[in-house]
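Visitor: Please take a close look at the charged side chains of this protein, and at how they pair or group. Begin with whatever is needed to read the fold.

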Amino acid sequence: SPATCSGSSNLIRPQKPPNPLTASKSHQELHRELRMTHKRLKTHTCTRKTELQKVLEKRRWEQRMKASRDQEEAKKNRSPLHQELLKRHQRLEKLERDKEPQREGPEFLRVKERLRRTAVLEEGAGGKEV
């Protein structure tokens with residue numbers, strides 16, 4: 001009987017073969033992410049947001065941050081010459097905006113006026129030729 005005990009300890013015990021699906025790195029990462037998401041949903045049941053809402057909010061936030069950073073950089077990098085050019089550009093734009101209301105009006109009236117002028121010019125030129 002002692003021989004059978006020592007003989008049984010030398011036997012190879014059967015092991016369950018590893019499942020290639022669960023052993024894969026991507027499966028483990030996906031499972032971990034699912035557990036974390038589930039845990040988050042448990043803690044934030046009152047403030048649930050869809051994945052799309054989260055992504056859109058994050059994108060808007062990043063855009064606002066980038067815009068403010070760009071503005072700060074632009075202010076820092078402006079030379080005196082560049083500042084003067086900007087002032088001049090703004091003045092010219094203002095002058096153009098002030099002139100526009102005088103020319104402004106419904107477009108069809110302006111077109112009609114142009115047609116009237118061309119008709120008068122054609123009649124005058126036609127009468128001279130005859």
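Guide: Helices (H or I, at least four residues) and strands (E, at least two) are DSSP runs, numbered from the N terminus. On that basis the protein has six helices and zero strands, in the order α-α-α-α-α-α along the sequence. The model is predicted: local features need pLDDT of at least 70, side-chain atom pairs count only at pLDDT 80 or more, and totals for chains, interfaces and linings use all residues. Residues are numbered from 1 along each chain as its sequence is written, and side-chain values use heavy atoms, with hydrogens and water left out.

The predictor's confidence in each residue, pLDDT, runs from 0 to 100. Its mean for the protein is 81, and 82% of the residues reach 70 or more. Helix α1 (residues 2-9) has the lowest confidence, at a mean of 56, and helix α4 (residues 51-77) the highest, at 91. Where pLDDT is low, predicted coordinates should not be read in detail.

Now the pairs. A salt bridge is a side-chain nitrogen of Lys or Arg within 4 Å of a carboxyl oxygen of Asp or Glu; six are counted by this rule. For exposure, buried means under 20% relative accessible area, exposed over 50%, and partly exposed in between (1.4 Å probe, protein chains only).

In helix α4, lysine 66 and aspartate 70 lie four residues apart, about one turn of the helix, and their side chains form a salt bridge at 3.2 Å, N to O. Lysine 66 is partly exposed at 48%, as is aspartate 70 at 37%. Another salt bridge joins glutamate 57 to lysine 49, at 3.1 Å from N to O. Glutamate 57 is partly exposed, because its relative accessibility is 37%; lysine 49, at 40%, is also partly exposed.

In helix α6 (residues 107-129), arginine 116 and glutamate 113 are three residues apart, so about one helical turn separates them. Salt bridges with shared partners link Glu113, Arg116 and Arg117 into one network. Within it, the closest N and O atoms of arginine 116 and glutamate 113 are 3.1 Å apart.

Patches consist of residues with over 30% relative accessible area and no salt bridge, like charges being joined within 9 Å and nonpolar side chains (Val, Leu, Ile, Met, Phe, Trp, Tyr) within 5 Å. Lys25, Arg32, Arg35 and Lys39 form a positive surface patch. Arginine 32, one of these residues, lies in helix α3 (residues 25-43) and is partly exposed, with a relative accessible area of 44%.

Technical notes:
Accessible areas come from the Shrake-Rupley method with a 1.4 Å probe; for residues, only the protein chains shown count as cover. Lys and Arg count as positive and Asp and Glu as negative; His and the chain ends are not counted. The place of a charge is taken as NZ of Lys, CZ of Arg, CG of Asp or CD of Glu.
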